[in-house]
Amino acid sequence: MAKKTKYLTVREVQNAYEIVILSKNVHPELEEELDSVMHMLFFQTRSHIQMDLSNLPYLPLTLLTKLLNIARDLRLKKRVLVLLGLPLSGYIYLKRFGLIRLVFPSEAILRESHRVPRG
């Protein structure tokens, strides 16, 4: 399944589906498309979901909350949501409220997910 939508790209990677956000900012159309794709992957596959957020300069709290809810639901199904390129503010939020393990099941994934500073 390699599907390109208007604001996202979805492709199958090893043992997961990867969602790459193509937009540089979060807006209602992006959130609607993301909700649709996330629910489709949740109900129609048994794979883990990996999301690349590196194109977004910041992650609004509303979107982070949606992602945490999906991550919790995936955990109940013995699957995980891994966030790549999470902005520092999002990481600090997760750490402050003890939610790191929800989206980073291991230290290796946490290290791999950090953004490379743009120079």
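**Exercise 1. Determine which residues of α3 are buried and where they lie around the helix axis.**

Solution. The buried residues of α3 are Gly90, Tyr91 and Leu94, where buried means under 20% relative accessible area, exposed over 50% and partly exposed in between (1.4 Å probe, protein chains only). Because these residues cover an arc of only 100° around the axis, they lie on the same side of α3; the arc is that of the directions from the helix axis to the C-beta atoms. The face turned away from this buried side carries the exposed residues Leu88, Lys95 and Arg96. After α3 comes Gly98, with a positive phi near 65°.

The model is a predicted one, in which local features need pLDDT of at least 70 and side-chain atom pairs count only at pLDDT 80 or more, while totals for chains, interfaces and linings use all residues. Residues are numbered from 1 along each chain as its sequence is written, and side-chain values use heavy atoms, with hydrogens and water left out. Helices (H or I, at least four residues) and strands (E, at least two) are DSSP runs, numbered from the N terminus.

**Exercise 2. Describe how α2 and α3 pack, and name the residues that meet.**

Solution. Helix α2 (residues 61-76) and helix α3 (residues 88-96) have axes 11 Å apart and pack at an angle of about 55°. The two helices are therefore oblique to each other, given that angles under 35 degrees count as roughly parallel, over 145 as roughly antiparallel, 65 to 115 as roughly perpendicular and the rest as oblique. In α2, Leu61, Leu64 and Leu68 meet Gly90, Tyr93 and Leu94 of α3. The residues of this contact comprise five nonpolar, one polar and no charged.

**Exercise 3. Classify the orientation of α1 relative to α2 and the composition of their contact.**

Solution. The axes of α1 and α2 cross at roughly 5° and come within 12 Å. α1 is therefore roughly parallel to α2. Among the α1 residues that meet α2 are Glu31, Leu34 and Phe42; their counterparts in α2 include Lys66, Ile70 and Asp73. The contact divides into seven nonpolar, two polar and four charged residues.

**Exercise 4. Locate Asn25 and characterise its surroundings.**

Solution. Asn25 is placed in the loop between β3 (16-21) and α1 (28-44). Asn25 counts as partly exposed because its relative accessibility is 42%. Apart from neighbours within four places in sequence, Asn25 is in contact (heavy atoms within 4.5 Å) with Leu30 and Leu56. The C-alpha atoms of Asn25 and Tyr58 are separated by 8.0 Å, although these residues are 33 residues apart along the chain.

Terms used. Axes fitted to C-alpha atoms, helices over the stretch in contact; angles between N-to-C directions. Nonpolar A, V, L, I, M, F, W, Y, C, P; charged D, E, K, R; others polar.
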